[in-house]
Amino acid sequence: MGYPRLQYATPPEWVRKIEERPLELLSDHAHKELKGAATAQAWLLKKPQDARLVTRMATLAAEELEHF
């Protein structure tokens with residue numbers, strides 16, 4: 001069983017640009033992981049009485065930080 005096909009093909013010119021400056025892509029990705037974790041933590045503070053939300057957001061924050 002293979003992976004599902006993407007609905008959008010990555011343009012070859014984009015791939016070439018990334019190959020020239022891979023650290024920019026990695027830096028941007030790391031920033032997005034940290035922002036995802038921070039957003040999940042913010043929801044914890046907004047709705048601490050919602051046990052289901054707290055559990056899901058805590059799990060998401062931990063996962064984003066693992067990726068970082």
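In this predicted model, the side chains of Glu-24 and Arg-21 meet in a salt bridge, with an N to O distance of 2.7 Å. Glu-24 is partly exposed, at 48% relative accessible area. Arg-21 is likewise partly exposed, at 45%. Side chains of opposite charge can pair when their charged atoms come close.

The search of the whole structure returned two salt bridges. Besides the Glu-24 and Arg-21 pair, Lys-32 bridges to Asp-28, and their closest N and O atoms are 2.8 Å apart. Both Lys-32 and Asp-28 belong to helix α2. Four residues separate them, about one turn of the helix. Lys-32 has a relative accessibility of 45% and therefore counts as partly exposed. Asp-28, at 37%, is also classed as partly exposed.

Helix α2 spans residues 22-46 and packs with helix α3, residues 51-67. The angle between them is about 160°. Their axes lie 8 Å apart. Because angles over 145 degrees count as roughly antiparallel, α2 and α3 are assigned to that class. The crossing of the two helices is left-handed.

Trp-14 is located in helix α1, which runs over residues 12-20. The relative accessibility of Trp-14 is 42%, so this residue counts as partly exposed.

Technical notes. Residues are numbered from 1 along each chain as its sequence is written. This is a predicted model: local features need pLDDT of at least 70, side-chain atom pairs count only at pLDDT 80 or more; totals for chains, interfaces and linings use all residues. Side-chain values use heavy atoms; hydrogens and water are left out. Buried means under 20% relative accessible area, exposed over 50%, partly exposed in between (1.4 Å probe, protein chains only). Axes are lines fitted to C-alpha atoms, for helices over the stretch in contact, and angles run from 0 to 180 degrees between N-to-C directions. Angles under 35 degrees count as roughly parallel, over 145 as roughly antiparallel, 65 to 115 as roughly perpendicular and the rest as oblique. A crossing is left-handed if the near helix is turned anticlockwise from the far one by less than a right angle, and right-handed if clockwise. A salt bridge is a side-chain nitrogen of Lys or Arg within 4 Å of a carboxyl oxygen of Asp or Glu.
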